[in-house]
Structure formats: C-alpha cells, structure tokens
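Hi everyone, thanks for coming along.

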Amino acid sequence: MKGRGASALIVAAMVALPPVAARAQSVQELQRQIDELKAAVQTLTAALAATKAAPSGATTGQVTASAAPAPAPVALASAAPAPATPLPVASSGAPARAKAWYERIQVRGYTQLRYNSIISGDATAPGNRSRLRSVSDSGLNDAGNFSLRRVRLVFQGDVTDRISFYLQHDFATAVASQSVGERRESFGQLRDAYVDVALDRAKRFKLRFGQSKVPYGWENLQSSSNRLPLDRSDAINSAVPGERDLGVIAFYTPARVQRIWDDLGRKGQKLFGSYGAFSLGAFNGQGIARSEQNKTLMLTAMGTWPFRLDGLGDAFAGQVLELGASVMRNKVQPDTRTGGVSPVAFDDNRVGLHAILYPQPFGIQAEWNWGRGPEFDVAAQAIRAKKLDGGYVQTMYRVEESPIGPFMPYARWQRYRGGYKAAINAPRLETDEVELGVEWQPIKAIELTLAYARMKRNEADERRLGRAEGSVIRSQLQWNY
C-alpha cells in the first residue's frame, strides 16, 4: 500500500504539470522548464523513499500528510497550483467475516480392507476344541479371505470457540442372521457421539459428554487409523472391548505437555489422541451399544506424561519417553448362554501401566495390567469373578525417507490370562502371540500393512476347550479421506 500511495503522489503531480509548450520561443526557455521538471521528479522520488521507510503502522489503507510530507509545488511559468495533500488510496483490507456454522464442520474418515490367511495350525477343530480365532478380528477363520475391518465416517466441528462436537459411524459392523448362524456384513454402528466444552480460553480444561472412548490404556485410546499393529492387544482391550461407553469425562492438559505432543505430531509420530494428560471419567460400564444393567457407574482415571531426554546426552537428543498409569473400577453383567444378561453384577476392576519411547528412529512401547473380572469357571459351569493379568511389549523402527517412501517395521509379543466379558458367558482367554510386521506409506493417503503372527489362543467360547495354535499371514490396505 505504501508503494501505491507514493505512486499516487507522482501521478497527481504529473497531472498538475502542464504540457511543455510546443512553441517555446528559445532554447534557454525550454532548458529552464526541463530543469524545473527534473527538480519536481527528484522531490517526488525523495517523498517515495520516505514513505517506504516509514513504520508499518504509519500508513494503513491511505497515505496521509503525517506519514510523508507532501512536496512543495514546483512553480512553472504556466502551471496551476499543485494540490496541498496527496490523493487518498482506497483500502483493500476488509473486516474478517465470521465463519458460518457449516464452515466449521469437517468431514473425514478411513477404510480398512483386510486379507487373512491361516497358513498352518488349527484352522478347524472338533466341536469341543478351540479353533484358531481372534477376538479382535472376526475375519480370521478357515473360510475367510477379504473383509472390511473398518469403514469410518467422521463429522466434527466447532459450535463456538469453546464448544465442539464429534460424531463417528462405522459401516463395517457385522450382525448374526436371525435364522442361521451366518453373519451379515456392512451394517452401520454408532461409535462416537460427544460434545467437548472447554472451561478456559487455552482449552486446557475440558468436559466431554456422550459416547466416547474410555480413558483406560494408552493403546486403547489410540485410533485404529493411527495404530501400528493391525489389532489391539487382548490384555488391554479386554478392559473396555470396543473402547467406548456412554458417560462424562474431565480432561486437563498442561501447556508444556501439549507443546511436546504438538512437536511429536509435526514430526509424524503416532500419538494416542486428544484425551488429556490427566482424566477422570464416569460411565455406564456395560460397554459400547449395550444398555445399563445396574446403578453402579464405571469409574476411570488416567495420567500420562511425556519427558524430553535431551539432558541425558547426545545419544538421546530429540527423544521423548512417555510414562503413565490407568485405573478402572466397575460392576458388569455379561451376556449369558441362556439368553439375556447375568442377574449378578461381577467385580471388574483393573490397574495398568504404560511406557512409550517414541521411534526417532528406534522406539519401544509396552503396557501391562492386573485386576479382577468376570470369567466362566468350567468346573462350576458358572461365571465367577477371577484374577487376570497381561500386556504386551512392542519395538519399532521408523524410516522417514527411502526410495519407496516411509515405512516402519515392528515386532510385538503379547500375553493375557483372564476372562473376556464382551463374549457370551465371559469365557477365559489364554493368549500367547508373537507378531512381526511392517507398515508402508507409498503416498500420504494410503497405508499398507503386512504381518505374520504365530498364535496360541483359547477360542472365545466357553464350550470349546484347550488352545489352538498356528501361523497367520494378514494384510491391510487403509485409505484415508
């Protein structure tokens, strides 16, 4: 705008100068007029330089007399008086328009296409023996090939500066047929429906109301679109199968913690989501899409804190270690084989620890939990509250640049001993599994994961005994939109 204002000065002065008379009577007269014109141009050039050197706040939208003094008019023999002030320049700065509600809404999502193959082991078994199955992936069976693991669509946005909403559906849910045991695929299920209310301008304190993930376990809170292994571990996910419930959560995130997470996010690290450094929650306790069966609330608490390790020496420059713990107290009534839910509410209490050394380039991630929950007792042929424990250890190596694009190999070992409350009669799981895999991102919107797993598992059915064992090859193509 400064340059335009100064240009207006020159144009105004040039317009005020009369054309040089074609009939000048002598060379001396013509030379005098040329000299006066040169002097006028020099004066205007000096004014232009002064305008450019003025502070940015000196001229806004127009050039004023206080910003750059107008040059004195040059008196020519036949010139009219020049204007005392420069001509104003029209302002291009318009006041910012507030966004309409529909401009604050974001639509996004992702789809996961899987291919599973049991390459050896107990793909099938007699009616009373366990088959090689996983509670995390119903597409793993003797007849399965391709399956849609997740088809997610998210609507989210800001209602005001302090109120935001989040709505997510999954269109890859399966339900059982009413007449036979065949599954029907690709039904829609509500996953998240909540509103966040910030209690301060910096949005450090938040309240969440509705159906959302339960803050227990670091991996349980991490989005499946962002997680490295194909499935969550049995030990941690069995605390909150489906990861969600209906209730209220309070979050708090100190500024120093948010700065570290923001820095990790800019570096492309796989974070666990927007669930605060500290959280307290109260929920129904029966699990996602299940009606409450008793007046007892499920109470949870979680804390997690990232530490920069730069002070430990050059070998740890840029490294971040995150440590935390989770606690859950609940009463739950599992589904029963005879129909309906158990009339008895069983203790469902746990405590867990987690640690993550973010891969820069090498990383380690581990969680373990202990507790007591419902489990089917084969000898008593009834559900009892029993001890449980288990967790996982995972290593990964992040390659950010390569001729084929970013990729990350990983290895994970998991173990769990305890009941699985989401299945009928809360059968006991005894899981030992080693998984090796690699995630490759050829382009930003596409992720391909290839994995091999050596499994030894109880099938999640209290009528089947023993453990199945075998090897599985799985692949997943995920596209984000």
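Let's begin at Asn-294, which is buried, with a relative accessible area of 16%. Buried here means under 20% relative accessible area, exposed means over 50%, and partly exposed is in between, with a 1.4 Å probe and protein chains only. Before I go on, a word on where this comes from: this is a predicted model, where local features need pLDDT of at least 70 and side-chain atom pairs count only at pLDDT 80 or more, while totals for chains, interfaces and linings use all residues. Residues are numbered from 1 along each chain as its sequence is written, and side-chain values use heavy atoms, with hydrogens and water left out.

Back to Asn-294, then. You'll find Asn-294 in the loop between β7 (278-283) and β8. Helices (H or I, at least four residues) and strands (E, at least two) are DSSP runs, numbered from the N terminus. What does the side chain of Asn-294 make a polar contact with? That partner is the side chain of Gln-333, at 2.9 Å. By polar contact I mean a pair of N or O atoms within 3.5 Å; within protein, one must be able to donate a hydrogen and the other to accept it, and residues adjacent in sequence count only if both atoms are side-chain atoms. A polar atom of the Asn-294 side chain also lies 3.1 Å from the backbone nitrogen of Thr-296. Not counting residues up to four places away in sequence, Asn-294 touches Gln-286, Lys-331, Gln-333 and Ala-345, with contact meaning heavy atoms within 4.5 Å.

Now let's zoom out for a moment. The protein has five helices and 18 strands, and 43% of its 481 residues count as buried. Take the contacts between residues at least 6 apart in sequence: 63% of them join residues at least 24 apart. On confidence, the average pLDDT, the predictor's confidence in each residue from 0 to 100, is 87, and 83% of the residues score at least 70. There are stretches to treat separately: pLDDT stays under 50 over residues 6-24, and also over residues 56-91.

Next, the helix I'd like you to look at, α5. Which residues of α5 are buried? They are Val-257, Ile-260, Trp-261, Asp-263 and Leu-264. The buried residues of α5 pack against β8 (298-308) and β9 (320-329). After α5 comes Gly-268, with a positive phi near 85°.

That brings us to the largest nonpolar core, which has 22 residues. A nonpolar core is a set of buried Ala, Val, Leu, Ile, Met, Phe, Trp, Tyr and Cys residues joined through side-chain atoms within 4.5 Å. Trp-261 and Leu-264 are among the residues with the most contacts inside this core, and α5 gives the largest share of it, four residues. Leaving aside residues up to four places away in sequence, Leu-264 touches Gln-269, Leu-271, Val-320, Tyr-358 and Gln-360.

Gln-360 has a story of its own: a cis peptide bond joins Gln-360 and Pro-361, with omega about 0°. Pro-361 lies in the loop between β12 (349-357) and β13 (362-377).

Two polar pairs to finish. Glu-433, in strand β16 (residues 428-443), is buried at 4% relative accessible area, and a polar contact of 2.7 Å joins its side chain to that of Arg-457. Asp-389, in strand β14 (residues 382-397), is partly exposed, at 24%. Its side chain makes a polar contact of 3.5 Å with the side chain of Arg-415; Asp-389 and Arg-415 are 26 residues apart in sequence and 8.5 Å apart in space, C-alpha to C-alpha.
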